[in-house]
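Visitor: Could you take me on a close look at the aromatic rings here, and at the sheet and helices that go with them? I would like the cut-offs along the way.

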Amino acid sequence: MTDPIADYLTRVRNAISAKHRVVEIPASNLKKEITKVLFEKGYILNYKFIDEGPQGSIKIALKYDPINKVNAIKKIIRVSTPGLRRYVGYKDMPRVLNGLGIAVLSTSKGVMTDKEARVQMVGGEVLCYIY
């Protein structure tokens, strides 16, 4: 697998389109940090790290609106790829949907959203946009 982050995002996107409640994804430290950011920002209902086997896995409970059955995640876009990395400084930080969405960044201070990176004045690699 050349791009595990794209695989992570694709599994979540496919589970949403199939209206699944839970999706299981092979774990890595970066995927765990992205999952924590999604949970903190309210895009997923819950998550659980399972340490079985050599790699382990992440179980993510997707969040749906109980009345309309609409998912909290409308769109996930992979920005930085292995062939073309996208780096930004804190002054050039992208705004997703004029601040309604989030950009997930990998910085020297860990994985965080674009708003947190602006406050801490750090730049980094833009992993994905979520709204």
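Guide: Happy to; we start with the rings and then turn to the sheet and its helices. This is a predicted model, in which local features need pLDDT of at least 70 and side-chain atom pairs count only at pLDDT 80 or more, while totals for chains, interfaces and linings use all residues. Residues are numbered from 1 along each chain as its sequence is written, and side-chain values use heavy atoms, with hydrogens and water left out.

Rings of Phe, Tyr and Trp (its six-membered ring) pair if their centres lie within 6.5 Å; planes under 30 degrees apart are stacked, over 60 edge-to-face, and the rest tilted. That rule gives two aromatic pairs.

Phe-39 is partly exposed at 35%, Tyr-47 at 24% and Phe-49 at 27%. Phe-49 also has a charge over its ring: the charged end of Lys-32 sits 5.4 Å from the ring centre (the rule asks for NZ of Lys or CZ of Arg within 6 Å of the centre and within 35 degrees of the ring normal).

Now the sheet. Helices (H or I, at least four residues) and strands (E, at least two) are DSSP runs numbered from the N terminus, and two strands pair if DSSP finds at least two bridges between them. Three strands make an open, antiparallel sheet in the order E1-E3-E2. E1 (22-26) and E2 (44-50) are at the edges with a single partner strand each, so one side of each has no neighbour in the sheet. E1 is joined to E3 (residues 57-62) by five bridges, and Val-22 stands opposite Ala-61 in E3.

Helix H1 (residues 4-17) packs on the sheet and touches E1 and E3, its direction about 165° from that of E1. Helix H2 (residues 29-40) lies across E1, E2 and E3 at about 155° to E2. Contact means heavy atoms within 4.5 Å; axes are lines fitted to C-alpha atoms, for helices over the stretch in contact, with angles from 0 to 180 degrees between N-to-C directions.

Terms used. Buried means under 20% relative accessible area, exposed over 50%, partly exposed in between (1.4 Å probe, protein chains only).
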